[in-house]
Amino acid sequence: MLSFEQARQTLTSAGQSHVLQFWPELSEEEKDSFLRELAQLDLRGLRGHCEGAAAAAASPPSCLDRDMEPIPAELIGSSKKSDRKDVCQWESEGLLQISKNRVGVLLLAGGQGTRLGVQYPKGMYDVGLPSGKTLYQIQAERIRKIQQIADCKYGTACSIPWYIMTSEFTLAPTKKFFEENHYFGLEPANIIMFEQRMIPAVTFDGKVIMQAKGKIAMAPDGNGGLYKALEDNKVLEDMKKRGVEFLHVYCVDNILVKMADPVFIGFCVSKGADCGAKVVEKTHPAEPVGVVCRVGGVPQVVEYSEIQLETAGLREPEGGLVYSAGNICNHFFTRSFLQDVAEKFENQLKQHVALKKVPFVDSHGNQVTPTKPNGIKMEKFVFDVFPFSSNFVVFEAMREEEFSPLKNADGAAVDSPTTARNSLLAQHCRWVLSAGATLLDEHGNSIPDTASPLALCEISPLVSYFGEVIAKSLFLNLQSI
């Protein structure tokens, strides 16, 4: 147990003596709680963390245009552009690996739904589908369905473990939500939740922000905190025991995510890749998404703020963007690669600056809710490991089929509950129309194909994983919106 004197000396040497300013005002219970919190911090590295955060926030964004080049064509697969025979072979390979229990999925779910206007984990959000299903339920049912598909193809009884990285904010409510919903029909032993690290928020002059008189303002260390969390929580050991060799890693907020996508997995496995990124084509040069490319011959994601608009707008002879591979936080890793990252490269990961409005207590003990960014949260990103890959590949998916993120509250032009819901309903309309079905409104009138995205057409993942086995004779009586 950390003593007060040890904490005082360490904080003073780190230039953070203000952390204990209100110590005399705390109750004995609050003092014990505060010391336990401080004991979990890397106090010896606190000076470096705070000074580094302040320096990083003051530095102008780098410009990497001069050293950028696209990923070579031979390392890119596509669900749309690749030969259909190849796509079918990749799918068979992916299903084979799933059937052999070699595939796991790993969900990055450490963030709350603050931008959505809710204080619970984003995976618990209901975008307003006719079924009322949440993101967690949709994803769980896709796991159940792809297991079933692999079993039918190869005569097995496989399971896909679902690893869910939470944070201090999301672990307890996520556990409770899964328990209350009976794990959405999945085997509880195959759902492994673990918590990522929390790190202090820092002022622009390099001081730890106090959330309360006896509590430091903390934040998750970004989705790149995955690699430290895998080691801290012995998750890699669990994967090894289960025989998991390949991981599909994704972010919770994409309503169209293909869980354990056999085509993506099969493509990466067939290429002998240790690391892969699924991307979508950018809609326009200034779209605010990172670009998967090479910098100095090394694969990485370059943020849109690091690219000049002139470079972002470069076109190929055929008219497409040269830097079109938009990053969507959807990745493939081998377990052995993750092990190498955790053991050798984790401390080399780049730190990213996020400027945030962080509630705090001022020097007089008054609670303050800022109206503009007052703090720095340092984050690592999951894609920062790309440079350590020895065989990196890219797979291009169709945006309308696989990417519709949920980030903003309704009223925003993009990435809202309405856009996410409409993306899924439009996709399901396309599935039934391509199967020969007819969409009818409440009066029994046929809805024209051009209006089909306006139909309330939802298909359970338990019926179809990705549009397969939609019967040719299927007719749905659907109410138009």
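**Cavities and a helix beside them**

Modeller: In this predicted model, the lining of the largest cavity consists of Leu-129, Ile-138, Arg-142, Leu-424, His-428, Trp-431, Glu-458, Ile-459, Pro-461, Ser-464 and Tyr-465. Residues are numbered from 1 along each chain as its sequence is written, local features need pLDDT of at least 70, and totals for linings use all residues.

Biologist: What counts as a cavity and as lining?
Modeller: On a 1 Å grid over the protein atoms alone, a cavity is a set of points where a 1.4 Å probe fits but cannot get out, and lining residues have an atom within 4 Å of a point.

Biologist: Which element gives the largest share of that lining?
Modeller: The largest share, 3 residues, comes from α13, a helix being a DSSP run (H or I, at least four residues) numbered from the N terminus.

Biologist: What volume does the largest cavity have?
Modeller: The volume of the largest cavity is about 60 Å³, taken as the space filled by probe spheres set on grid points that are joined across faces, edges and corners.

Biologist: And what lines the second largest cavity?
Modeller: Arg-142, Leu-256, Val-257, Lys-258, Gln-427, Trp-431, Tyr-465 and Phe-466 line the second largest cavity, whose volume is about 30 Å³.

Biologist: Switching to α13, which of its residues are buried?
Modeller: Buried here means under 20% relative accessible area (1.4 Å probe, protein chains only), and the buried residues of α13 include Leu-424, Gln-427, His-428 and Trp-431.

Biologist: What happens just after α13?
Modeller: There, Gly-436 takes a positive phi of about 95 degrees.

How values were computed: This is a predicted model: local features need pLDDT of at least 70, side-chain atom pairs count only at pLDDT 80 or more; totals for chains, interfaces and linings use all residues. Side-chain values use heavy atoms; hydrogens and water are left out. On a 1 Å grid over the protein atoms alone, a cavity is a set of points where a 1.4 Å probe fits but cannot get out, and a pocket is an open set with protein on both sides within 12 Å along at least five of seven lines; lining residues have an atom within 4 Å of a point. Helices (H or I, at least four residues) and strands (E, at least two) are DSSP runs, numbered from the N terminus. Buried means under 20% relative accessible area, exposed over 50%, partly exposed in between (1.4 Å probe, protein chains only).
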